[in-house]
Amino acid sequence: MNQENKPLAFVARLCLVLIFPFSALDKIFNHQSALAQAADGLIALPRSMAVLLLVLGGMLEVFGPVCILLDFYRRQAALLFVFYVIVTAVLFHNFWSFPFNSNEWSQNFWPFLKNFGLDGGFLYVAGCAGMTSLRDAFSLKPR
């Protein structure tokens with residue numbers, strides 16, 4: 001990428017990941033609601049599994065955007081988000097379980113599509129980022 005497009009690319013990545021730290025905060029401050037949603041998804045999860053997945057999801061929602069914005073394992077973080085948003089779309093926005101055009105259908109259909117739109121952005125970020133090896137990431141050699 002040439003130098004003049006770097007600020008634009010950063011702003012695009014910022015817009016893509018901006019929602020996730022706020023989502024993590026929502027999981028922290030409204031943890032009972034988040035647990036209820038996890039238990040009420042397509043697959044009913046035991047409480048211990050729901051807590052574990054919420055903690056892991058929250059960690060991704062906090063650290064993933066930092067990695068994507070600071071170009072630290074950007075591709076890996078973007079690919080984790082690809083998996084994360086597909087899984088959350090299918091498990092927690094199962095619009096097909098409700099009558100077409102009902103209130104519940106609408107409350108799940110649009111977030112389902114939003115997640116797939118986000119997936120396109122994360123696939124683009126992953127495709128534009130170079131793979132960084134673990135050895136190179138912790139090397140003392142200047143880059």
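## Terms and model

A residue is called buried when its relative accessible area is under 20%, exposed when over 50%, and partly exposed in between (1.4 Å probe, protein chains only). This is a predicted model, in which local features need pLDDT of at least 70, side-chain atom pairs count only at pLDDT 80 or more, and totals for chains, interfaces and linings use all residues. Residues are numbered from 1 along each chain as its sequence is written, and side-chain values use heavy atoms, with hydrogens and water left out.

## Salt bridges

Side chains of opposite charge can pair when their charged atoms come close. A salt bridge here is a side-chain nitrogen of Lys or Arg within 4 Å of a carboxyl oxygen of Asp or Glu. Searching the whole structure gives two of them.

One joins Glu-61 to Lys-27, at 3.2 Å from N to O. The pair links distant parts of the chain, 34 residues apart. Glu-61 sits in helix α4 (residues 47–70) and Lys-27 in helix α2 (residues 19–29). Helices are DSSP runs (H or I, at least four residues), numbered from the N terminus. Glu-61 is buried, at 2% relative accessible area. Lys-27 is partly exposed, at 21%.

The other bridge pairs Asp-71 with Arg-74. Their closest N and O atoms are 3.4 Å apart. Asp-71 is partly exposed at 47% relative accessibility, whereas Arg-74 is buried at 14%.

## Around Arg-74

Arg-74 belongs to helix α5 (residues 74–92). Leaving out residues up to four places away in sequence, Arg-74 touches Arg-13, Cys-67, Ile-68, Val-125, Cys-128 and Ala-129. Contact means heavy atoms within 4.5 Å. Cys-128 is 54 residues from Arg-74 in sequence, yet their C-alpha atoms lie 9.4 Å apart.

## Helix α5 against helix α6

The axes of α5 and helix α6 (residues 103–128) come within 8 Å and cross at roughly 165 degrees. Axes are lines fitted to C-alpha atoms, for helices over the stretch in contact, with angles from 0 to 180 degrees between N-to-C directions. The two helices are therefore roughly antiparallel, a label for angles over 145 degrees. Their crossing is left-handed: the near helix is turned anticlockwise from the far one by less than a right angle.

Arg-74 is among the α5 residues in this contact, along with Leu-79, Phe-81 and Phe-92. The α6 side includes Phe-112, Phe-116, Phe-122 and Cys-128. By class, the contact has 16 nonpolar, four polar and three charged residues. Nonpolar covers Ala, Val, Leu, Ile, Met, Phe, Trp, Tyr, Cys and Pro; charged covers Asp, Glu, Lys and Arg; the others, Gly among them, are polar.

Conventions:
Parallel < 35°, antiparallel > 145°, perpendicular 65-115°, else oblique.
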